[in-house]
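Thanks for coming. I have one model to go through this morning, so please look at the screen.

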6 protein chains.
Amino acid sequence: MIDGEIFLGNMRWPDVVAAAAAKPVLILPVGAIEQHGPHLPLDTDSAMVSWLACTAARQAGCALVAPTLNYGVSLNHIAFPGTATMRNETLCAVLADLGESLLGHAFKAIVFLNGNGGNNVAVASAAAELRRRTAKTVANIYVAALIEEAFSVMESGIIWHADESETSMMLAIAPERVHMAKAVREMPKPIPLYEFKEATLTKAMVDLGIPATERVTKSGTIGDATMATVDKGRPVVEEQLKTLTKILKTLAAA
Amino acid sequence: MIDGEIFLGNMRWPDVVAAAAAKPVLILPVGAIEQHGPHLPLDTDSAMVSWLACTAARQAGCALVAPTLNYGVSLNHIAFPGTATMRNETLCAVLADLGESLLGHAFKAIVFLNGNGGNNVAVASAAAELRRRTAKTVANIYVAALIEEAFSVMESGIIWHADESETSMMLAIAPERVHMAKAVREMPKPIPLYEFKEATLTKAMVDLGIPATERVTKSGTIGDATMATVDKGRPVVEEQLKTLTKILKTLAAA
Amino acid sequence: MIDGEIFLGNMRWPDVVAAAAAKPVLILPVGAIEQHGPHLPLDTDSAMVSWLACTAARQAGCALVAPTLNYGVSLNHIAFPGTATMRNETLCAVLADLGESLLGHAFKAIVFLNGNGGNNVAVASAAAELRRRTAKTVANIYVAALIEEAFSVMESGIIWHADESETSMMLAIAPERVHMAKAVREMPKPIPLYEFKEATLTKAMVDLGIPATERVTKSGTIGDATMATVDKGRPVVEEQLKTLTKILKTLAAA
Amino acid sequence: MIDGEIFLGNMRWPDVVAAAAAKPVLILPVGAIEQHGPHLPLDTDSAMVSWLACTAARQAGCALVAPTLNYGVSLNHIAFPGTATMRNETLCAVLADLGESLLGHAFKAIVFLNGNGGNNVAVASAAAELRRRTAKTVANIYVAALIEEAFSVMESGIIWHADESETSMMLAIAPERVHMAKAVREMPKPIPLYEFKEATLTKAMVDLGIPATERVTKSGTIGDATMATVDKGRPVVEEQLKTLTKILKTLAAA
Amino acid sequence: MIDGEIFLGNMRWPDVVAAAAAKPVLILPVGAIEQHGPHLPLDTDSAMVSWLACTAARQAGCALVAPTLNYGVSLNHIAFPGTATMRNETLCAVLADLGESLLGHAFKAIVFLNGNGGNNVAVASAAAELRRRTAKTVANIYVAALIEEAFSVMESGIIWHADESETSMMLAIAPERVHMAKAVREMPKPIPLYEFKEATLTKAMVDLGIPATERVTKSGTIGDATMATVDKGRPVVEEQLKTLTKILKTLAAA
Amino acid sequence: MIDGEIFLGNMRWPDVVAAAAAKPVLILPVGAIEQHGPHLPLDTDSAMVSWLACTAARQAGCALVAPTLNYGVSLNHIAFPGTATMRNETLCAVLADLGESLLGHAFKAIVFLNGNGGNNVAVASAAAELRRRTAKTVANIYVAALIEEAFSVMESGIIWHADESETSMMLAIAPERVHMAKAVREMPKPIPLYEFKEATLTKAMVDLGIPATERVTKSGTIGDATMATVDKGRPVVEEQLKTLTKILKTLAAA
């Protein structure tokens with residue numbers, strides 16, 4: 001968990017300016033504590049985004065990683081015990097404040113690396129606000145948007161939540177945290193105009209918000225977690241890593 | 001400009017409940033007052049979104065149109081005289097308040113029909129907040145997201161602002177408001193990782209915000225307005241209309 | 001509806017600085033969408049204030065007109081279907097933001113021309129806030145305060161809402177929008193210390209707020225709309241125009 | 001300063017319900033700490049409004065007096081040492097909170113008795129907000145609005161600030177606090193469209209805000225304090241008292 | 001109640017700069033209107049803190065006293081009639097605004113002298129915010145924290161609210177305001193981990209908030225008011241005075 | 001880092017209700033990312049409070065641990081590179097939101113376990129706000145307040161920041177993260193009335209805020225880190241653990 005090369009939290013303050021000169025992009029991972037079905041832990045998003053941030057930072061060689069913000073906006077899942085949430089405006093305020101203070105030091109750019117779809121509105125608002133406060137580069141990246149091709153290995157026809165794809169990715173990253181024996185298949189009850197297909201590939205013409213989870217699933221899974229395998233997860237996280245690494249390099253070189 | 005059949009503003013209050021029973025979807029068009037190059041008026045977005053709302057409402061037969069909110073978020077264009085803007089949180093508050101009061105009466109669903117990309121973050125926030133306040137359907141539609149195919153008639157290789165596509169659409173809707181003699185071609189100065197290609201077709205992996213307009217253009221046009229024709233504009237607005245009409249019918253039937 | 005001489009919305013940005021030099025006062029009309037009895041449309045206030053702004057601007061020759069803000073604070077009428085409202089603090093924020101951005105360009109002064117009594121507190125707050133943000137002149141004008149004499153032609157003994165005076169004015173401005181056949185007479189139920197006489201001529205010693213409309217009227221009319229005539233309306237709108245025109249000239253010359 | 005009959009602050013909690021049953025109107029005096037020329041103390045508004053509240057409450061026999069809020073909005077006077085101010089939204093929040101808690105007990109109505117013109121916008125906003133929070137009567141009374149006739153004894157042709165009228169009233173209430181030897185005459189520098197005549201009698205067609213005091217006066221007096229006499233002050237405060245007493249009785253009986 | 005030497009409210013503005021040069025520390029007393037048992041008045045905190053401020057200012061010779069803010073945060077006592085309260089964020093805003101305006105003039109330091117434990121969180125927040133806005137010294141002093149030794153004269157084993165200590169202090173300051181005949185003894189119902197011993201001497205390891213008063217007492221007294229005597233009160237207020245006077249001198253000399 | 005017995009983040013949602021029934025107290029550790037001298041890492045506070053939370057939870061057997069909020073209020077240290085901070089109101093909002101959502105599920109009480117003195121005002125405000133929103137127990141514990149005796153082993157005469165005590169504690173918890181070779185001794189420049197002695201044992205009569213760190217130290221250490229030893233750190237963390245464990249048991253049993 002501690003790596004003096006890339007973790008801001010592990011540095012001493014006199015070393016920060018030189019480190020930021022060498023690695024001018026700062027990644028701030030944003031996770032969530034929310035239900036992930038009967039087989040994945042509540043901190044799945046935080047764990048995955050933390051892993052992605054530090055692995056990509058190591059590969060890119062031009063980025064540092066700030067400590068993960070472990071909580072996000074999970075209003076849709078609030079009916080499920082264990083879920084924690086901020087309001088949209090609270091998450092927006094947190095990220096804008098943290099970004100402003102961190103960019104005040106030596107960094108050239110900050111990346112809000114967001115691991116939870118429920119955070120999207122707040123992170124976009126925070127990025128807009130932070131750009132208003134500073135002239136530096138503020139990038140908002142939702143991890144699911146980093147994947148263009150690798151989801152094609154999925155077979156269940158839906159990429160959504162605590163499902164084939166998310167479980168496969170977790171199997172690739174931290175298999176010991178997945179209780180495959182408890183994984184279930186539960187397809188969502190249909191909602192007019194709402195497409196539960198593949199959030200990141202489908203261009204949504206209509207934003208209808210994220211439905212309250214209990215309206216469409218009992219288990220918390222939306223999709224088919226039973227079809228998950230480590231072999232499906234690996235290419236997905238590899239594409240994420242490859243794309244993110246390339247973005248980090250471009251930001252550092254800009 | 002006044003049409004007793006679909007315009008909420010033209011109704012008397014005792015008629016509203018019956019009208020909303022017959023046409024249960026309410027469209028609230030959201031525009032902007034911002035620079036649109038040397039050839040298009042400041043209220044281009046408001047004019048286009050108003051036209052789209054009322055034409056689609058007439059075709060669909062199941063929607064009413066509330067008066068257009070003539071102002072939006074145009075922070076990126078603020079260096080250009082005549083541009084007016086709210087802050088993101090202000091637009092969010094306006095739409096959430098208006099939506100809450102209007103949905104308190106007889107409507108089943110509200111559509112924030114947004115004509116300006118700069119409004120996107122605020123409208124999404126408002127829609128999320130409004131969903132928190134009410135159990136009714138709140139749809140957030142950005143007009144550019146209604147087009148999947150028709151942009152293929154454009155030739156300049158970029159679909160952005162006060163350009164070939166927007167000018168063509170305005171020629172199709174309100175040709176008397178376009179000063180083609182003043183139209184210019186100005187390609188944007190490149191920004192790393194930022195793709196000035198086709199906002200609505202490209203899946204943006206990285207949200208870098210909207211750059212301050214004066215960084216990338218002098219004229220206010222980003223693209224090539226000189227290539228605009230009414231023949232290019234017509235299929236685009238027709239696709240918009242067709243898609244929106246279909247959405248309105250689905251929302252009304254849900 | 002479009003007039004290149006005075007409408008800011010119809011201008012192209014490169015023309016704004018010269019236009020504002022010639023016509024240094026900017027009018028921002030503020031309306032409302034609220035019940036106006038069984039015979040007047042929901043957008044009565046917006047329609048009247050828009051007409052007044054552009055007619056006075058043309059007569060004065062020293063003012064431009066920004067697009068009307070079609071919505072205001074109509075909390076008192078919220079029980080009547082079709083009424084839309086913002087909270088006071090929301091309208092205050094909108095006007096302060098818009099005013100700040102518009103005054104940042106070439107104008108010398110801004111006039112919030114307010115057509116709805118329910119907006120008064122918020123517009124006054126916005127004007128105060130905007131003066132704190134800028135050194136330019138910010139004038140807050142409630143249209144009913146522009147009349148000193150002409151209301152004397154009214155006969156029903158009360159000047160209030162959707163009544164003899166308002167209906168007469170609408171008959172003078174846009175007769176096709178008045179359904180005189182549906183006009184009614186309904187005198188308000190009395191409220192201690194509250195004077196339903198003539199809002200603009202009476203010096204209120206005690207501000208008791210605007211009572212919830214449903215407490216004092218069933219029809220939405222407070223007064224006698226059946227006595228309205230175009231001949232009564234004409235001198236009223238003429239006095240409004242004359243007074244406003246004079247004010248605009250003074251502001252431009254200051 | 002302490003009077004068990006009317007001062008809420010001097011009561012013990014077990015006596016409050018019975019006291020409020022007997023005297024159902026609660027007056028909350030709102031003052032200011034701001035410059036009042038070279039001859040009147042900084043707390044002039046607080047002193048005068050406190051005196052008026054308790055004298056009227058004694059005469060009316062149906063009202064209690066809460067402790068005076070000693071501070072208000074004095075942004076216009078801020079250039080003068082000793083002036084304290086809140087922002088408008090702060091005063092609004094204070095009064096809405098205090099009113100809500102006090103009305104939660106036994107009172108039927110609350111009167112914000114405001115002694116400072118600079119407070120007007122905030123007190124009106126607070127009253128509107130408090131009416132939204134509670135169904136009880138909320139009255140907003142500006143002390144200068146209580147006078148219709150008695151100002152006619154003034155001779156200097158202007159009724160404004162730290163002047164003939166205000167000094168005369170202070171001579172009638174607390175002569176020992178007036179340094180007549182230091183009183184000055186200073187007429188305000190003219191401002192276009194701004195009438196320094198008699199704030200409470202003139203119907204202002206245009207609200208231009210309160211000008212920064214240092215723009216129009218050096219001494220802080222706006223008017224002629226040298227013409228003040230106790231004989232001019234007495235009828236003014238007597239009219240105020242008489243009018244307020246009548247209002248309190250009406251509110252109690254309603 | 002009026003003392004030209006130390007009361008800011010009694011000064012004329014032209015004298016303030018010289019006064020602040022001679023007495024560079026400004027005390028802003030913060031009180032409360034809240035239940036104080038059956039024998040002490042609602043304004044006990046305001047009265048005591050006002051007395052302490054002006055007595056210490058006179059003894060120290062280096063401080064002025066601003067008018068007392070008569071209201072505070074009394075959420076815990078709200079079930080008892082006569083109690084008024086602001087929300088924490090409101091009191092914070094008031095004090096930050098007032099402090100900012102007052103420090104903008106000639107003072108070197110401001111002391112928020114707080115007489116009510118319920119105000120502690122808000123006053124600390126305000127002091128922190130005010131330090132962010134200005135470079136001058138902002139001291140937050142809770143009157144109970146000024147006593148280290150003198151409470152040893154108390155015999156009832158608890159120092160809390162409207163009790164032996166507070167009643168004794170009031171007997172020493174304003175005996176005519178104490179109804180000893182109505183004083184009662186009521187020990188609080190125990191709450192786990194919550195120590196009703198001596199707020200100011202006990203280092204609280206766990207902050208559990210202030211319990212709603214009605215949970216622990218019926219009379220409003222928490223402790224034994226019947227054991228109060230003027231002889232117990234005198235050393236306590238003397239220690240407060242002595243300590244505060246010393247602090248004021250140090251602040252003035254810094 | 002992962003322990004299925006006590007970490008909420010590692011649980012699956014269907015297990016939470018039973019877990020909370022068995023362990024009804026939820027600890028939410030609050031850290032900071034701020035300079036800790038040349039020898040301690042930026043995340044020292046987060047690391048220490050996380051360790052304390054999980055160790056005490058294991059010993060007590062009645063508490064779960066939510067993921068650590070890695071960021072806090074570090075405004076005083078902001079001049080030192082690597083420091084991140086929220087504003088006070090932001091941290092307050094975050095904790096109130098998270099607490100409200102987490103207490104909505106099965107827990108009986110929440111403990112904000114705060115590891116950074118700079119967070120104190122915001123955490124106290126959040127706890128107060130959360131108590132207003134819910135009827136459950138909200139405890140605010142500052143880790144330094146848990147120590148009454150063990151600091152007596154310290155020799156340098158000051159217990160402050162990145163010093164003998166903090167370094168000793170870190171040596172006891174995570175010795176591999178301490179660069180003793182870089183540890184320095186730097187006594188703070190004196191500030192009138194401000195006691196740099198032992199924050200947790202000294203009763204502060206005057207709250208002067210936390211001074212900007214760069215005013216009193218160059219290295220970031222305030223005290224003598226060179227005197228730190230693991231033998232001094234061990235009894236301190238043991239007392240913290242013992243006291244906290246006892247508190248957790250009492251809260252669970254209440």
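F:A162 sits in the loop between β4 (137–142) and α5 (164–173) of chain F; helices here are DSSP runs of H or I with at least four residues, strands are runs of E with at least two, and both are numbered from the N terminus. Before going on, some housekeeping. This is a predicted model, in which local features need pLDDT of at least 70 and side-chain atom pairs count only at pLDDT 80 or more, while totals for chains, interfaces and linings use all residues. Residues are numbered from 1 along each chain as its sequence is written, chains are lettered from A and ligands numbered from 1 in the order in which they are written, and side-chain values use heavy atoms, with hydrogens and water left out.

Back to F:A162. Its phi is near 55 degrees, a positive value in a residue other than glycine. Most residues other than glycine have a negative phi. Is F:A162 buried or exposed? F:A162 counts as buried, at 0% relative accessibility; buried means under 20% relative accessible area, exposed over 50%, and partly exposed in between, with a 1.4 Å probe and protein chains only.

Chain D has a case of its own. D:L193, in the loop between β5 (185–186) and α6 (213–216) of chain D, has a positive phi of about 70 degrees and is not a glycine either. With 28% relative accessibility, D:L193 is partly exposed.

In chain A, the loop between β4 (137–142) and α5 (164–173) holds A:I147. A:I147 is buried, at a relative accessible area of 0%.

Chain A has an open sheet of four strands in the order β2-β1-β3-β4, with parallel pairing; strands pair if DSSP finds at least two bridges between them. β2 (63–65) and β4 of chain A are at the edges with a single partner strand each, so one side of each has no neighbour in the sheet. From one strand to the next the twist averages 25 degrees; axes are lines fitted to C-alpha atoms, for helices over the stretch in contact, and angles between N-to-C directions run from 0 to 180 degrees. Strand β1 (residues 25–30) of chain A is joined to β2(A) by three bridges, and A:V25 is opposite A:A63 in β2(A). Helix α2 (residues 44–60) of chain A packs on the sheet and touches β1, β2 and β3 (109–114) of chain A, contact meaning heavy atoms within 4.5 Å. Helix α4 (residues 120–133) of chain A lies across β3 and β4 of chain A, at about 175 degrees to β4(A).

Last, the pairing of chains A and F. A rotation of 180 degrees with 0.0 Å of shift along its axis superposes chain A on chain F, RMSD 0.0 Å, by least squares on the C-alpha atoms of residues with pLDDT of at least 70 in both. That is the relation of a two-fold axis. The contact takes 53 residues from chain A and 53 residues from chain F. About 4100 Å² is buried between chain A and chain F, 62% of it on carbon and sulfur atoms; buried area is the accessible area, with a 1.4 Å probe, that two parts lose on being put together, summed over both. On the chain A side, A:R12, A:W13 and A:Y71 lose the most area to chain F.
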